[in-house]
Structures are given as C-alpha cells and as structure tokens.
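Keep the viewer open while you read.

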Amino acid sequence: MAAKVKQLPSRGGTPAEKVYLIEIFKGMGITLRHFLRNLWDNSNLYVRHYPEVQPNIPAHWRGRHRLLTHSDGTPKCVACFMCQTNCPANCIMIKAGERTDGITEKMPVSFTIDLAECIYCGYCVEACPEDAIRMDTGIYAFTSSNREEMKIEMDEMLSLKGGYTEEEYQKGLEDE
Amino acid sequence: MTTLDIVMVIVRVSISAFVPLCFLAVCVTMERRVAGFVQDRSGPNRAGIYGFRAGGLVQNLADGIKLAFKEDIISEHVEHKFLYVLAPIISMAAAIISFALIPFADTLVLDGKAYVMQGIPWDTGILWFLAVTGFSVYGIILAGWSSTNKYSLLGALRSASQVISYEIPMGLAVISLLIVYGSINLSDIARFQGQNWLGFIPMWGIFLQPLAAVIFIVAAFAECNRTPFDLAEGESELVAGFHLEYSAMKFAVFFMGEYVAMFASSAVIVTLFFGGYNIPFFSTDFLIRNIKPVAFVMLVILPVFMFYFAKWIRRNNRSQYPRENDPREAEATVYIRCFWILIGVIEVFLLAILAFAQPDTAAAHLLVALMQICTFLLKVTLMLFVYVWVRWTIPRFRYDQLQILGWQKLLPLALLNIFVTGAIVVALG
Ligand code: SF4
Ligand code: SF4
C-alpha cells in the first residue's frame, strides 16, 4: 500500500502573516480561551484526578504477567522455553525440572521475570503453546524502590488472578 | 527629620523591596497554574498543610524548603569561585533595585509635607531602570563564564548579545516617549497619564505611543530572557544555559531574580504605558476632594465582588469526583470565611472614613494612596499574566530570527517612531 501523503498548505507567506503580530494575537486568543474556560470552572479540565479516579483498563491491555494453573492448582507451564527464547528484552529466566504428577513431563522449578527490563510487548503470551502465561491482570502500576524487587517469582505469578472473565479476554484478543 | 519622616522612609523602602519578593509567590503560582489551564490540565494543586492547599500556593513553600535544604555543590572544575558565587547575587540585586525608582502611588501629602512614593526619591527615573537592567546581564555573563562549561558559556553569550541588541530599540522607544511626556521622572510620567483626553480617554502611553509600546514590550520580554526570547536557557540545545552548574539555593536565587526582574519590568511597562498607579478616569485630586462618595462606592462594591468571588471559590474548590463529606468543600468554607472577615475589616474602616473623615485630610490622602497602590499592583499582576500567557503561547525564536527581529525590524521602527513623534510634537507646537 502506498503511503498516504497529506499535503498541508504552506503558511506564513502572506503580508498579513509576515507582520507576525497579528498571528501572535490569534494564537494568544486561543490560549486565552482555554485558560478562561478552565478558570471559570475547573471541572472543564481534561485530566483525570488520578489516584482517586482510576482509568478504565480494557481487556486486551497488557498489564503484569501471571501464570495460569490447571484446575488442581498446578502450573500449566511445561517449561518449553518458548517465551524465554522469544523475549526481546531477555528478561525471562526459567529453570526446568521434572514433573512427577503425570500431567506432563517437565515443569518450571523457578520462573522469574524482571519487570524492570520487560517492555510489555506481549510476545511471551503469543509464543506460549500452552496458554500458560497471560498479561491480563489489569495491574498497570508497579513500583519499587530497588531493582531486586522488580523481579517477580513463579509463586507470585501463579497466585495472581486474571482481571477479566474468559469471554472478555477472548474478545479482547480479537479486538487487538 | 521628624518621626513621620522616618516612618515614611521605612514604609516606602520596605514596599519597594518586599513587594517584588512577595510577588514571587504570585508569579510562580500563576506561571504554573496558567500553564496548566492553558494546556487543559490543572497544574500543582496537591501540596497542602492539613488539607489546605491555597490553590497551589503551598507548593511554592514546599519547593522553597526543598531548595533551601538541598546540598549546595560547587563543582571541582569551577575556577573562579568568587565570581561564580557573585553571579546570582548580581542578578537578584539588580532585579530588586531596578524597582526602586518606580512610583507606586501619587505623591502623598501628610502634614503639609510631600512624600514621593518611590523606594528611592530620585528623579533619574527611566534611566535608572535602563542602567540597572543592563547591569543585570553581568550576572548571567559571569555565571556562564565562571561555570567553565561550554553550555553555560554559550547560553551567556547568547544572552549578552540579545540584551545588547534589544537594549537599543528599547532605549529608542523610550526616547519617543520622553518627547511626549517631557520628563524622565517616572512620577511625572505617571502624573501626566492621569489626565484625560476629551474628558473620557485616559492619556495613557499605549494610546499616545502605540508603536513605542509594542517595541518596548517586545524588548522588555527579551531583556527578561522570557519566552519567546529565552535562548539563553534553551533547554533543548543548551541543557539549561547559564545556570546549568548551579544547584540548591544559588539556583533558587537565579530563579527568583528572573521573576523579580519580570515584576520590575512589568511595573515599568505599567508606569510608562498603562497609566502607572492612576485609577482610570479618576485623578488623585478628584479622589481626595470626593473622599466620602469614593468610600461609599467602595463600601458597596466590595461585598458584591466578594459574593461572586465566594461563588467562584465554591465552584472550583471541590473534588471533581464523587466523595462523601468532601474535605475540599470544608476547605472552601474556611477560605470564604477568611475573605469575608477581611472584607468586614475593610468595611469598618471605610465606614469610619465615611463617618468622620473630611475631604483633604490625612485619612483621605492615605486612603487614596492605598487605593492607588492596589490599582498599581493589580495592573502589574495583569502585565505579569501577559508575560506568562505569552510564554505558554509562542514557541522560542531561532537565534538568527531573534537578531533579525531586533536589528532589522524593531530598530528601524523605533527610529521611524522618533521622527514621526518629533514631527507631530513640533507641528502641534
Ligand atoms: S512482555 Fe515481552 S519483554 Fe516482557 S517478558 Fe514478555 S516477551 Fe519479554
Ligand atoms: S510459559 Fe509457556 S512458553 Fe513459557 S515456558 Fe511455560 S509453556 Fe513454555
């Protein structure tokens, strides 16, 4: 597809525009309008009063990771390393071990994601053949005062719940 | 010297020294809140003491405390430590004393003695302002040079050349004004503007000399290093320009100096072009002779004004989301009560004047002087608003554009203005 080109008329050539002052006054008129409207009643502001008013996070939004479990609570992950291989930020660290409960042969012994390095691209979710990792927790605020705490471990990710129902999540994937 | 003389000296000097400093808080808050509102966001309004935010004023306090307690670093590579420390002092001091010769009220007559309402009662007037603001660029140059840092030096160079090129149109604009006013004394200039033309148009500089007003205001913006002429600190190319190496309180002094200079130049613009302390249409004599009607009008207007002001506070000082027992409503109630108490006190004074004062007594003179000070400060605040408003509207000039505007546009216009003004003045005899 050819790139769409929009030609904007070049401005600033007419004598009236060259005087400059007139255009400045026009611009100042615009800013004054915004100022007076907001000064008159500051509920006209476009900003959200953030910590008190939370944004509405859609289902396909990529938030913090979580690991999914089977109905018996064991991890779905089979330690195939697909996500780790795919991760452009190299922030997933998996150690694989043997699985003894007979569901599969392998499972992760430890599964660490360094959220300080993660770029929230979602490739890990796409790469996973077992639908074992998702980013649907809806958690977008994650801070810490040191780097070590930004690494999240398997237990923590297993215990997180999805922020949406299954239908919402699937619909979100289609919307994406 | 009588006691009254000494008291008047103290009053005048403290007004001219402390009012610019007090206006710092107003300037900084206004800058931030106006910037916010122009961009449809709200600006700093969270910092508060026990929930009292005073519309963002408390933020200044927080910033001030932060800057005062920060570590004051002088980098190893700074060679001329004395000049390095001197630089912010120069720019702050020059900014404060440039306000010293600006009259903030008409000459006050008490006990048959006249007191010129300026910080320093000299008649050098506008020349003092030109000289002192020219001096303030030394602060910037010294800061840039002694920092031993190429960005600082570049910023200082830009600032120096800018001030030199804009001082010329500024001076020439002043000359054409002086032809009209016939005096360099700012008190005389302000008094001249108290007259009316045909009885209803105030004889303000902006009406007599519109071109000089535009040139002077543009040049004043450049002198203050304000956007659109803030190349000296163009943060995108020079990091922060001349004050790059300054930290903590030394930076704060630069920062305050900038705002005080802005205040002083607003005051000069108001004095030269917008009638100074004059209340439009009412001369000082008229006010003093009719002190009772004036007091009565104020008595009526103030509560009406306060009523609408209280409504505005109510509308704007509340949480913008559903909240039970909104503490901000309670906050607004406190503010409104404080303001009503203030208005009540003023009303009592006005009533006393209405009941006892005779025209042309000390009380009448004092009341008129107070009203003129308020008018003057109101006009200056409006001018400061223009400074802020322009800053958040216009992008920064490129360096060559700046010089072209100064030398090729403003300079010929200023010269032309002098010739035209001279011709008209000669023709009218
Ligand atoms: S979201 Fe992207 S960067 Fe983050 S862990 Fe997954 S693949 Fe790596
Ligand atoms: S999360 Fe998915 S892709 Fe990653 S190792 Fe486990 S099963 Fe493989």
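A residue counts as buried under 20% relative accessible area, as exposed over 50%, and as partly exposed in between, using a 1.4 Å probe and protein chains only. With 17% relative accessible area, B:S247 is therefore buried. This is a predicted model, where local features need pLDDT of at least 70, side-chain atom pairs count only at pLDDT 80 or more, and totals for chains, interfaces and linings use all residues. Residues are numbered from 1 along each chain as its sequence is written, chains are lettered from A and ligands numbered from 1 in the order in which they are written, and side-chain values use heavy atoms, with hydrogens and water left out.

Helices here are DSSP runs of H or I with at least four residues, strands are runs of E with at least two, and both are numbered from the N terminus. Contact means heavy atoms within 4.5 Å, and the contacts in the table leave out residues up to four places away in sequence.

| Residue | Loop in chain B | Relative accessible area | Contacts |
|---|---|---|---|
| B:S247 | between helix 9 (235-238) and helix 10 (248-273) | 17% | B:E71, B:D72 and B:I73 |
| B:A357 | between helix 13 (327-356) and helix 14 (362-391) | 8% | B:K292, B:A352 and B:A363 |

B:A357 is buried too.

Zooming out, chain B has 15 helices and 4 strands. Buried residues make up 51% of its 429 residues. Of the contacts in chain B between residues at least 6 apart in sequence, 79% join residues at least 24 apart. The C-alpha trace of chain B spans about 75 × 70 × 45 Å along its principal axes.

Over in chain A, there's an open sheet of 3 strands with the order 2-3-5 and antiparallel pairing. Strand 2 (92-98) and strand 5 (151-152) are its edges, each pairing on one side only. Pairing takes at least two DSSP bridges between two strands; strand 3 (residues 106-114) and strand 5 have 2 bridges, in the antiparallel sense. A:D114 has A:K151 of strand 5 as its bridge partner.

Which residues are closest to ligand 1? They are A:C87, A:C118, A:C121, A:G122 and A:C124, out of 14 that surround it (a heavy atom within 4 Å counts as near).
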